[in-house]
Each structure stands twice: as structure tokens, then as C-alpha cells.
Amino acid sequence: MHLFRGPGFVAGFSDRADGSLDFSDRTPEEAGRLWAGLPAVAGLGLPPPRFAHQVHSTTLLRVGADAPAGRQGQADALMTSVPAMPIGVFTADCLPVLVVAGEAVMAVHAGWKGTRQDITGRSIAALAEATGVSPARMQVFMGPCIGSCCLELGEEVVEEFRATDPGSLACFARGARWHLDLRGLNVIQCLERGVARAAIRHVNDCTKCLSDRYFSYRQMRGRHGTQFSFIARLPEEGAPSSGAA
Ligand SMILES: [Zn+2]
């Protein structure tokens, strides 16, 4: 688990050492036990996470204080302003993007399909509108994903990108096949919305090259396991507890 801790928040990206954290097909009770058993999470005192039924959309779900533990509706991004309520996304080559915006946090599942539709940029704009926090004051954490070394796409996919967003072609390279720099394109989408470059931090690992460390959909040719990436607000150290459930 890669953990990033800052004033008032914690963001984490799991890896194979944490096991497959595909909570989505488990009951809320099973998911809660799995969550509570994670060594990196155990000391944080956080309840089980909320997550979406991911469908490669650009839908951003707002998670309120009354949201039940576990799976919410169909979406590929979640945000919450509720303290100490972890939200997260599942990936196994796609890029997990975690965002801190003042008192709110957001988690985004950015595969190439969502990235073609600018899910990260759109979600940042929506988060800014919902919170009043300028993207220039947001912090972004990008987790492990398939690297440009390994993300090969067909000509027809490149044509889709060309039609949707001609500028995205800067992140493609043509060798024997087309390769996409998924992380780089998501960084550009953040910068276009006004996020500061220095406020974007990375786990630069390629999930396919490092498939001994990460679950990789492409390396394993199917669904053999999943990383879970989460973010939550924490009470500021020394500050009184918010009292939220
Ligand atoms: Zn690679």
C-alpha cells in the first residue's frame, strides 16, 4: 500500500501485498472485514469505504453522510465532504486519481475510455463547482497504472481519440502499434482545468511491467485481482473531532 498523508487527509493505493481488494462482489460485512484487516488502514479508524459500480462512464457521484457502506450506484468518480468517510475506486491497469479539495475529497477511475471523455478534467471542474475550491488549490495523487510501455491500442481507438480530442494525440506514440501515455494525458487534463503541476504526485509504476507487484488486467488476461485506491478526510491532528459518524 502506498500511503500519502497530509494535513487532514489520507490517500492510499493498494498493491498485491494487500491481496485482491475487489470489494464490489462482496457483502458489506465481508468488505468491512477485509477493509479493517488491511495493516495500512487498521490504525486510521475509518469505516468501510464507499465505492461505485464502475462502468467506464464520466458520472460523478456525491456521497453523503447517509450513504450506506459499500457499493453505490453506477459511476466512475465519487466525491464526499463527509469527514472520515473513505471513498475509492478499483483498478487493474486503469489509472486511479485521488483529489483533495479543501474539506472535500474525490476518487476517479480513469481507463482509456473515461480518459477519452476527459473524466478527470470534468470531475475536477465539477468538484470545483460543488465546493468552491479552485483547482489551483487542489492536490492530486495518481496511482499505479499501465504505462505507455505497455498500453497498446488499435488504430480504431486512436481514431476515436482523434475525433473526440485531437490534442490528445500528443500522448500517443506509434511504434509497431500505437501506445498511449494514459498518466500523461490525465496530467494534461488536470493542468487544463487549472491544477498546479507541482500539486500532482505520482506512483509511477507500470502495472503490467510490475505484475509481480500489481494486478494487471492485460498481463493476466482477465479479472484475477484488483487494486483499491481510497481517500478520506481525517480530523486535523490536535483539532477536535468533527463528531461525524
Ligand atoms: Zn509497462
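Helix α4 passes α6 in a right-handed crossing; a crossing is right-handed if the near helix is turned clockwise from the far one by less than a right angle, and left-handed if anticlockwise. The two axes come within 8 Å and cross at roughly 30°. That makes α4 roughly parallel to α6, since angles under 35 degrees count as roughly parallel, over 145 as roughly antiparallel, 65 to 115 as roughly perpendicular and the rest as oblique. Axes are lines fitted to C-alpha atoms, for helices over the stretch in contact, with angles from 0 to 180 degrees between N-to-C directions. On the α4 side, Thr120, Gly121 and Ile124 make the contact; on the α6 side, Asn186, Gln189 and Cys190 do. Contact means heavy atoms within 4.5 Å.

The model is predicted: local features need pLDDT of at least 70, side-chain atom pairs count only at pLDDT 80 or more, and totals for chains, interfaces and linings use all residues. Numbering starts from 1 along each chain as its sequence is written, and side-chain values use heavy atoms, leaving out hydrogens and water.

Helices (H or I, at least four residues) and strands (E, at least two) are DSSP runs, numbered from the N terminus. The largest nonpolar core has 39 residues. Such a core is a set of buried Ala, Val, Leu, Ile, Met, Phe, Trp, Tyr and Cys residues joined through side-chain atoms within 4.5 Å. Leu127, Met138, Val140, Met142 and Leu180 touch the most other members.

Where is Val195 placed? It sits in the loop between α6 and β14 (200–202). Val195 is buried, with a relative accessible area of 5%. Buried means under 20%, exposed over 50%, and partly exposed in between (1.4 Å probe, protein chains only). Leaving aside neighbours within four places in sequence, Val195 contacts Ile124, Pro135, Met138, Val140, Cys190 and Ile200.

Helix α1 (residues 28–36) buries Ala31, Gly32 and Trp35. They cover an arc of only 100° around the axis, so they lie on the same side of α1. The arc is that of the directions from the helix axis to the C-beta atoms. These buried residues pack against α2 (39–42) and β15 (227–233). The face turned away carries the exposed Glu29 and Arg33.
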